[in-house]
Every structure is written in structure tokens, then in C-alpha cells.
Amino acid sequence: MCLNLIFLEILSVISYISIFLTVLYLVVVLTFVKGWHKLVYFKPKDLVLNTKVSVLVAARNEAGNISKTIEDLIGQGYSKALTEIIFIDDHSTDNTSEIIGSYAGRGVKLIQLNEDQPLNSYKKKAIQTAIAQATGTLIVTTDADCRMGKDWLATIVSFYEEKKHKMISSPVAYFEEKSFFERAQTLEFLYLIGLGASTIGNNKPSTCNGANLAYEREAFYEVGGFKGIDDLASGDDELLLHKMAARYSGNIGFLKNEDAMVYTHPKATLKEFIQQRKRWASKSTRYKNKSIIVLGVCIWLFNLSILVNAGIGMFAGFYFKLALMQLLAKMLVECLFLYDVTTFARRKGLMVLLPVLNVLHILYIVYIGIAGNTGKYNWKGRMVR
């Protein structure tokens, strides 16, 4: 009898915690909606732009993609006299460096890393090395497998000259999907991009993407660059964002304009997807703003509680209904948020995937929350932490 009472008390506590976490999650996502709407759509003014820009691209074994990226960068409508394009070859074992070198006559500079000692953060080393040689006032980073329209750089510079932000996060989206799995990734990725944008809109920056990031060269050095975060393989974007936000509160911007968007491809296999998300999750324990960590843990616990309640529901019907209620609440509030984000990205058709994605997302969040913060993962053919 005593054990039964204890068991019932435990179940009661689980239900109360689950309800609390559900309400918290609803409030959090509604703040994302609010933050997204705070971001005003940017319309560039017809003014003469005069900012010198250095576009930096770290590349490793990207021979299959890099020519298209280089052509897009060379084809930018922004002043060639004010544009510096620097690629950093990170010990590629294919002919990436040869392809980059073939564009030397068209203004593309090549830096080759020659580190002979193993590093855990080659990408930060690559970017830091390039910044030391860059001459631009504004540093713009993207990836070697990204595509962008001809007005991409001019739109970023217009936003910078008008707003004077120290750091600018711009949108990234997947394209050219070939399967349901890749389309599901696109919807999930748009959620992450929208989340980062909305936190900037709420003046509480939490995340961004290095595939489309700009910051003042001087500001990079004023915050100490990657010092203090250079032992972690990832984090050249988010962790730098947190350093910038701490130093320049209220001076971080999100560029809400589709011309500023860059496009990349989703992962073709589940293994590649898991490795990527483990890399992204590995940064979370290094956030200086502990409130972001606490919030992340609460969101992870919310997803875990759905699984726990579904499991208990196999023996007690009330808990299955509770899990279903949590899932429906999650789906409805995320639908509200994603409708706005997918409308902006012109991908509203992906919303039909939300019911299936919601269920899969719960499993993924719980797994990645553990796997991303334990052990090592594979990145560009290297095992890093």
C-alpha cells in the first residue's frame, strides 16, 4: 500500500511538471512570434554605398561545390573596388585549393592553412587567419557550398550603413531538396533560423548561422575574437554572437530581406544530419548567458516529458491523453510561428509536413540533447569535440 501511494505521488508530480513545462514552452514560442514581428522588413534605400567588405570563406574538401559559390561571389552587384574575396583552404585532400587558385585573376585570394599541430577548431583558425589579412571594414562570412543572388552583398552593406549594427545575422535556407527527409530538414531549419531572428528581434540574441554572418572587423578584435572559445570545434557563429551581444547590447541586427538570403543543401543521409546537429548542440554548454542554457534544458525536458507521458500512458490512460495534449499544443504554437517564417522564405508548402515532423522532432531533440554534449563527432573527416 505504501509503495502504491509513493508511486501515485510520483505520477502526480510528473503530471504537474509536464503541465508546467508545456505552458512554459507555449510562452517561449509565443515570444518567438513576437520577436519575429518586431523585425521590420528592410528595404534598401537608393544610396551610394562606400563600405569596404571582406568576404571570408573557409573551405575543406569542397571541390564539388566551390566553383558555383565562387561564381556567385564574383557575380555580386556590389562595387568590385570595395569587395575583397578571401578563401581559406583548410588542409583539403582534394583539388579545392587548385580550383580556388584558378580564380586568382578574377580577384579571389587564397590562403592555405599550414598548421602542423592538431587543432580542435580549424574553422576558427581559418577565419581568424583571414581576418588578420583582410582589409575590409565589414567582415562577411559564408560557407563554400552556399549560393546567393547578385544583390546579396549590396543588401547586407545597405543594412549595415543604415543601421550601424556591430553584427548582422542574415537568413539561410535549404534548397533543391530531393526527398521527404530533406524537405523535413528544410522546415526544421527554417524554425531554427526564425528562432535566431526572433531572439534578435527581442534584443536577446541566442543563435545565428555562420553561413550568412557579418560583423565589423574592429568589433571582432574589441571582443577578443575567438579567445576563450577557440578550444571548441564549432561556435564561430553563435559563441561569437554572444560575445558581441554582451559588449554591444542592442546593436545586433537581423536582416529581414529575401535578397540577403543564402542557400545551401540539406544533409542527404541520417548519419550526416546527426553529425551536423551534434556539432551544433556541442556549443550549448559554453554559452555565457546561463539563462539561454536554462531555457534550452527546459525545452529538452518538455520534449522528454512527452515521451515519458506516452510511455506511462501505456498503463494509465490519463498520461497518454496528457502526452497527446502536449503534442497538440506544441504543434499549434509552432504552426503559428512557422507560418510567418515560411511565408517570408516563400516555402509555405512545407507546412503540410509539420504533423509528422513534430513527432520526429521530439525524438530528435531528446537524443541530440544528450549526444551533442557527450563525446566527439565527425566534422569534415576529423573527429573533434
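## A salt bridge along one helix

Lys330 and Glu334 sit four residues apart in helix α11 (residues 317-345), so about one helical turn separates them. Helices here are DSSP runs of H or I with at least four residues, strands are runs of E with at least two, and both are numbered from the N terminus. The two side chains form a salt bridge, with their closest N and O atoms 3.1 Å apart. That term stands for a side-chain nitrogen of Lys or Arg within 4 Å of a carboxyl oxygen of Asp or Glu. Lys330 counts as buried at 0% relative accessibility, and Glu334 is buried as well, at 4%. Buried means under 20% relative accessible area, exposed means over 50%, and partly exposed lies in between (1.4 Å probe, protein chains only).

A word on the model: it is predicted, so local features need pLDDT of at least 70 and side-chain atom pairs count only at pLDDT 80 or more, while totals for chains, interfaces and linings use all residues. Residues are numbered from 1 along each chain as its sequence is written, and side-chain values use heavy atoms, leaving out hydrogens and water.

The whole structure holds twelve salt bridges. One of them joins Lys123 to Asp143, with the closest N and O atoms 3.3 Å apart. Lys123 belongs to helix α4 (residues 122-133) and Asp143 to strand β4 (residues 138-143), so this pair ties together parts 20 residues apart in sequence.

Lys123 also meets the side chain of Asp236 in a salt bridge (3.7 Å, N to O). Here the link spans 113 residues, from helix α4 to the loop between α7 (217-222) and α8 (238-247), where Asp236 is found. Lys123 is buried, with a relative accessible area of 18%, and Asp236 is buried at 6%.

Nonpolar side chains tend to be buried together in soluble globular proteins. In this model, the largest nonpolar core has 108 residues, and those with the most contacts inside it are Phe87, Val140, Trp152, Tyr215 and Met244. Apart from it lies another core of five residues, among them Phe273, Ile274, Ala281 and Ile368. A core of this kind is a set of buried Ala, Val, Leu, Ile, Met, Phe, Trp, Tyr and Cys residues joined through side-chain atoms within 4.5 Å.

Arg277 lies in helix α9 (residues 270-281) and counts as buried at 1% relative accessibility. Leaving aside residues up to four places away in sequence, Arg277 touches Tyr174, Glu188, Leu192, Tyr364 and Ile368, where contact means heavy atoms within 4.5 Å.

Ala197, in helix α6 (residues 180-201), is buried at 0% relative accessibility. With residues up to four places away again set aside, Ala197 touches Trp36, Leu39 and Phe254. The C-alpha atoms of Ala197 and Cys208 are 7.6 Å apart, and the two residues are eleven places apart along the chain.

## Two positive phi values

His91 has a phi near 55 degrees, a positive value in a residue other than glycine. His91 is in the loop between β2 (83-89) and α3 (96-101) and is partly exposed, at 24%. Lys164 also has a positive phi, about 60 degrees, although it is not a glycine; Lys164 lies in the loop between α5 (152-163) and β6 (167-169).
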